[in-house]
Amino acid sequence: MIQVRMPEKNKKTGKSPNRTVPLIERAARSLGEPEIPGTTRVTPARRGAKTAAVTPEIDRAGQDAPPPGAQPRSRAPAAPAVAATVAARARGPQPRRSRYAEIDFARLQKFGFLTPSLTRSRTMEEFRVIKRCVLQHAFQPRGESGKPGNLVMVTSAVPGEGKTFTSINLAISTALERDYTVLLIDADFSKPNILPSLGLDAKKGLIDVLEDPSLDLSEVLIRTNIDKLTVLPAGGEHALSTELLASQRMRDVVRDIARRYPDRIIIFDSPPLLSTSEPCTLAMHVGQIVFVIQADKTPQSIVREALDLIEPDTRVGLVLNRCQPQFGQPQFGYYYKR
Ligand SMILES: Nc1ncnc2c1ncn2[C@@H]1O[C@H](COP(=O)(O)OP(=O)(O)OP(=O)(O)O)[C@@H](O)[C@H]1O
Ligand SMILES: [Mg+2]
């Protein structure tokens, strides 16, 4: 189920003490009332065996996303070292290069994720609804908070509710749109599962960019065989990841990402809000939060406690994950009723 709406504010205080209640109540009600207009549920998708395929390759200079339809270039034959150096000097400083890696779509599908070739499935339809809600608010003029709506954080109250599953499927679904490109960021430093889930590998990522100001973002981005999808890995382990996320450098990097890619949807796969202070720090930067709740598992009180940590001016959408399909519930079409 997803419900994307700004909680009503108290006009005097500017705050909304009860702001989470309608959201929670709706989430809870929907367990028994799947027909609530404007809501959707994410049903469990099929799972499968593990295999991995990675094809790292250096590609177009200075750009992290190829135009639609572009194929990765093969490397040029090696030139004599001296000639190459002279030629490079003559060209002057070169733009930094992003890596290219291939996602194994068959593997992705086995694990229940969306793929570009999948045209019609329950998961696809459900994520279309979630995507529409997110896109609707992604490029609206910024409100009082000034936080960009195209920065979208996926989080939950407690671990294991489906954040990474939601982040990846939302990213793929959005990347299949004609008009949008997507940057998927693994911001869960303690459980960086984006790359393993996609069957990719990388040594450096966001944490390294935060730690080393000389490292440019484009050096750690990974372009993929989904033309409009670029991935920013979490990077190496770091004892002070919370402090790095709270640092001025993080604010600068997020601002840089928002400025560099104003036309791009940026999705942060994040830790659960009640586990560490990292996601609360990240939440301060983003304009939208997709809040995942595992159906029949997470108590309302826990969900409410987590939602209370989010600033009132941040747009919050709820996704009720792993709902069991109910008898008589139409699979498609119903979700578009609003
Ligand atoms: N709707 C779904 N259908 C099928 N599998 C799902 C669904 N939601 C989640 N899963 C699977 O459940 C497991 C846990 O999900 P996921 O890793 O997305 O949770 P998480 O919230 O990111 O966990 P963590 O807090 O540990 O990072 C994964 O194996 C994921 O593929
Ligand atoms: Mg995760």
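Which residues in α4 meet which residues in α5?

1. The contact of α4 with α5. In this predicted model, the α4 side of the contact consists of T123, F127, R128, I130, K131 and V134. On the α5 side, these residues meet N169, L170, S173 and T174.

2. Geometry of the pair. Helix α4 covers residues 122-138 and helix α5 covers residues 163-175. The two pack at an angle of about 80°, and their axes are 9 Å apart. Because angles from 65 to 115 degrees count as roughly perpendicular, α4 is described as roughly perpendicular to α5.

3. Helix α4 by itself. The buried residues of α4 are E126, F127, V129, I130, K131, C133, V134 and A138. Among them, F127, I130, K131 and V134 also take part in the contact with α5.

4. The shell around ligand 1 holds 19 residues, of which P159, G162, K163, T164 and F165 come nearest. Helix α5 supplies the largest share of this shell, three residues. The shell divides into seven nonpolar, seven polar and five charged residues.

5. R315 lies in strand β11, which covers residues 315-321. Since 25 other C-beta atoms lie within 10 Å, R315 is buried. R315 and H137 are 178 residues apart in sequence, yet their C-alpha atoms are 8.6 Å apart in space.

6. Two positive phi values. D296, in the loop between β10 (288-294) and α11 (300-307), is a residue other than glycine with a positive phi, near 60°. D296 is exposed because it has 10 other C-beta atoms within 10 Å. R322, in the segment after β11, likewise is not a glycine and has a positive phi of about 60°. R322 has 18 C-beta neighbours inside 10 Å and therefore counts as partly exposed.

7. The chain as a whole. The protein chain has eleven helices and eleven strands. Of its 338 residues, 41% are buried. Among contacts between residues at least 6 apart in sequence, 80% join residues at least 24 apart.

Methods. Residues are numbered from 1 along each chain as its sequence is written. Chains are lettered from A and ligands numbered from 1 in the order in which they are written. This is a predicted model: local features need pLDDT of at least 70, side-chain atom pairs count only at pLDDT 80 or more; totals for chains, interfaces and linings use all residues. Axes are lines fitted to C-alpha atoms, for helices over the stretch in contact, and angles run from 0 to 180 degrees between N-to-C directions. Helices (H or I, at least four residues) and strands (E, at least two) are DSSP runs, numbered from the N terminus. Angles under 35 degrees count as roughly parallel, over 145 as roughly antiparallel, 65 to 115 as roughly perpendicular and the rest as oblique. Two residues are in contact if their C-beta atoms, placed from the backbone, lie within 7 Å. A residue is near a molecule or strand if its C-beta atom, placed from the backbone, lies within 6 Å of it. Ala, Val, Leu, Ile, Met, Phe, Trp, Tyr, Cys and Pro count as nonpolar, Asp, Glu, Lys and Arg as charged, and the others, Gly among them, as polar. A residue is buried if 20 or more other C-beta atoms lie within 10 Å of its own, exposed if 12 or fewer, and partly exposed in between; C-beta atoms are placed from the backbone.
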